[in-house]
Amino acid sequence: MRLVEETPESPEAERELLLSASAGDERASRALFRAHVSRVHRRVARILGSHDPDVEDVVQRVFLAALDSAPRFACRSSLGTWLLGIATRKALDEARARKRRARFRSLKERVGLGRPATRPDVRHGALDQAERALAELSLEQRTVFVLHAVEGHTFAEIRELTGVGISTLHARLKAARRRLDALDLEDLR
Amino acid sequence: MTQPDSPSERLAASLRDEPPALDEVTRLRMERAFMDARQGTSEPARRGRGSAFVWGLSAGLAAAAAIFFLWRTPSEPAVAVVPDAADLGARVERWTRGERVEETPLREGASLTTAEGERVRLSLGLTRVELSPGSLLVPERLRSDLRMRLERGEVSVEFNPARPGEEGFVLETVSARVEVVGTAFRVRVGADGSTDVTVEHGVVRVSPLPFGSVRRLVAGESLHVEGRGHVTPQEFVAPSAPDPRAPPGVESPAAPRGAPVPAVDAAVVEVDEPAVERVAEGEGSAEVPARVAPAARPLDADARFELARSLTQRGEYQGARHELYAIVRDGSARARARAWSLVADTRERERDWAGAGEAYRRASEAQAGGVYGRTALFALARLREQRLHDDAGARHAYRAYLDAGDTAPLAAQARLGLCRLGELTECPPGQEPPETPPR
């Protein structure tokens, strides 16, 4: 089941919007941002954790990277899908960089991927427990679980996004499910 | 093969049903940062791979950013490149002869005026600014620290920042600057350029312009600043506190204007200092504490609830909320939940549905699983369903309420709500969801 939203724009119109934004057109930049920020934010927040304080920063980097890479957008996918690819890579980059930094300090609390939230905004108990459960997974397991089980990407698509082989993705997903099934997710019953 | 009811599948379903929320304020903040960053670099490669955006700017980028900042800092209030009210999360409502008309757009730097018989209310989060007829207000800054200029007329301000002590509000007139941290006050500009400031709740600082020593006013105090920026002692009014035992409609006694009062400086010295609670280091402003009791005797939570109830019955919703916010800051979980619910009630009476929803949400979080928290959850669900037309949010809130158990007092009502929203398949006759959802 494909859960990625598609904007009702022709590929040519999308490319035009992106190139205009890249060229400095303010209106186009704002339109690009507004059309895609929700899905980009959702992808980044799912990988890093909703309460992660770096989500906003990574989202911003995604759009700036999109402007930089605009000439390379060849309409092989929709603009939204292309942006989600950038979002996935940027979020993974951030998570990996953080892991490297975290090796040199002790972690008292793990929320998301090891960074305590500065202003938690817990809205729903079930969602909070879901986020904590995801935090029990490794970055690699969490990524494939979010992209496949939650967002509905095929393994081929995830391979395109992450560069990881399909058999490895299968193994990671299996390990993720095994780990999650062993948790007591009481609020999700 | 994955079992559909396995914990991992339920987790996946839960995450699909509840995608990470992107509230409007966060979206606007990100958009603003993106638009600023888009213009703020001079290199095609705007960011290095893996480099942190906020930290670690190179000297070259720092210089470019500084030049960019100087260019963007306006000498006059900016009018070009500004979002409108909806983008900022601000709402502007206008009333003409008592009739509410459609919302009007709001732009930073653009004037808000009211003619005779008109009133305007500006809402920013939980902050409210109301213009009386014949006023002219210029909102110079509507983000985090608010800054406005009152050219003529009168405004009433109820300032309730999301982060007390960290966000400020500055209102300037031709003769005075009024700075607040969290309070309710009135400011009037006279035809001669004089300024009258009356504090209803909380604490404000008033600086006569162009040069004048800062005056600190607490609830019940007023100050008159003449058009040339001098403070006249004769107009100083001694503080008074509302009498909770007073019947509705009876104003609390206050020192009459013109009564013999000492000079301003002496009066300031003689004023009873409010019970100021020294905040912990790093919390709130050291100069203006984030938590200040009113000039009257300190009230415990029960007294504040009683006072808030009385004020609500008299239609003094701002005053009621001030008492309730004091409980929210210092009370137990149960008291906070109850206080937030009462705040929501005052908002509903003002037909401020979004504000009511936010207050119910906070109540449900303040005492998750408790009596007041659960009741607030049900109220939130009902509000979302009937006033905010947020079906998904209503379904979630009803479900969360029912998670407490079928013996919850309003469980049957919650199930009926889910029926109306098409969530349940087995509904009592007449409670099935209509084919066309009503609006």
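## A side-chain tour of chains A and B

Start by selecting A:Phe33, A:Phe63 and B:Phe34, which ring pairs link into a cluster. Rings of Phe, Tyr and Trp (its six-membered ring) count as a pair when their centres lie within 6.5 Å; planes under 30 degrees apart are stacked, over 60 edge-to-face, and the rest tilted.

Before going further, a word on the model: it is predicted, so local features need pLDDT of at least 70 and side-chain atom pairs count only at pLDDT 80 or more, while totals for chains, interfaces and linings use all residues. Residues are numbered from 1 along each chain as its sequence is written, chains are lettered from A and ligands numbered from 1 in the order in which they are written, and side-chain values use heavy atoms, with hydrogens and water left out.

**Stop 1: the rings**

Over all chains, a search of the whole structure finds nine aromatic pairs. Zoom in on A:Phe33 and A:Phe63, a tilted pair with 4.7 Å from centre to centre and 45 degrees between the planes. This pair links distant parts of the chain, 30 residues apart: A:Phe33 is in helix α2 (residues 26-48) of chain A and A:Phe63 in helix α3 (residues 55-68) of chain A. Helices (H or I, at least four residues) and strands (E, at least two) are DSSP runs, numbered from the N terminus. A:Phe33 counts as buried because its relative accessibility is 0%, and A:Phe63 is buried too, with a relative accessible area of 0%. Here buried means under 20% relative accessible area, exposed over 50%, and partly exposed in between (1.4 Å probe, protein chains only).

Next, pick A:Phe73 and A:Trp82, a tilted aromatic pair at 5.0 Å centre to centre with 45 degrees between the planes. Both A:Phe73 and A:Trp82 are buried.

**Stop 2**

Now show what A:Phe63 touches: A:Leu32, A:Phe33, A:His36, A:Val37, A:Val40 and B:Phe34, not counting residues up to four places away in sequence. Contact means heavy atoms within 4.5 Å.

A:Phe63 is also one of the residues that touch the most other members in the largest nonpolar core, which has 35 residues; A:Trp82 and A:Leu18 are others among them. Helices α1 (11-22), α2, α3 and α4 of chain A, together with α2 of chain B, each give two or more residues to this core. A nonpolar core is a set of buried Ala, Val, Leu, Ile, Met, Phe, Trp, Tyr and Cys residues joined through side-chain atoms within 4.5 Å.

Apart from it lies another core, of 32 residues, including B:Leu142, B:Val157, B:Phe169 and B:Val187.

**Stop 3: the charges**

The structure holds 32 salt bridges over all chains, each a side-chain nitrogen of Lys or Arg within 4 Å of a carboxyl oxygen of Asp or Glu. Select B:Glu31 and A:Arg30, whose closest N and O atoms are 2.7 Å apart in a salt bridge. The pair crosses between chains, from helix α2 (residues 24-39) of chain B to helix α2 of chain A. Both B:Glu31 and A:Arg30 are buried.

For a contrast, go to A:Asp93 and A:Arg96, a salt bridge with its closest N and O atoms 3.9 Å apart. These two are separated by about one helical turn because they are three residues apart in helix α4 (residues 79-102) of chain A. A:Asp93 is partly exposed at 34% relative accessible area, and A:Arg96 is partly exposed at 37%.

Finish in chain B with B:Glu350 and B:Arg347, a salt bridge whose closest N and O atoms are 3.7 Å apart. Salt bridges that share partners join B:Arg128, B:Glu158, B:Arg321, B:Arg347, B:Glu350 and B:Asp352 into one network.
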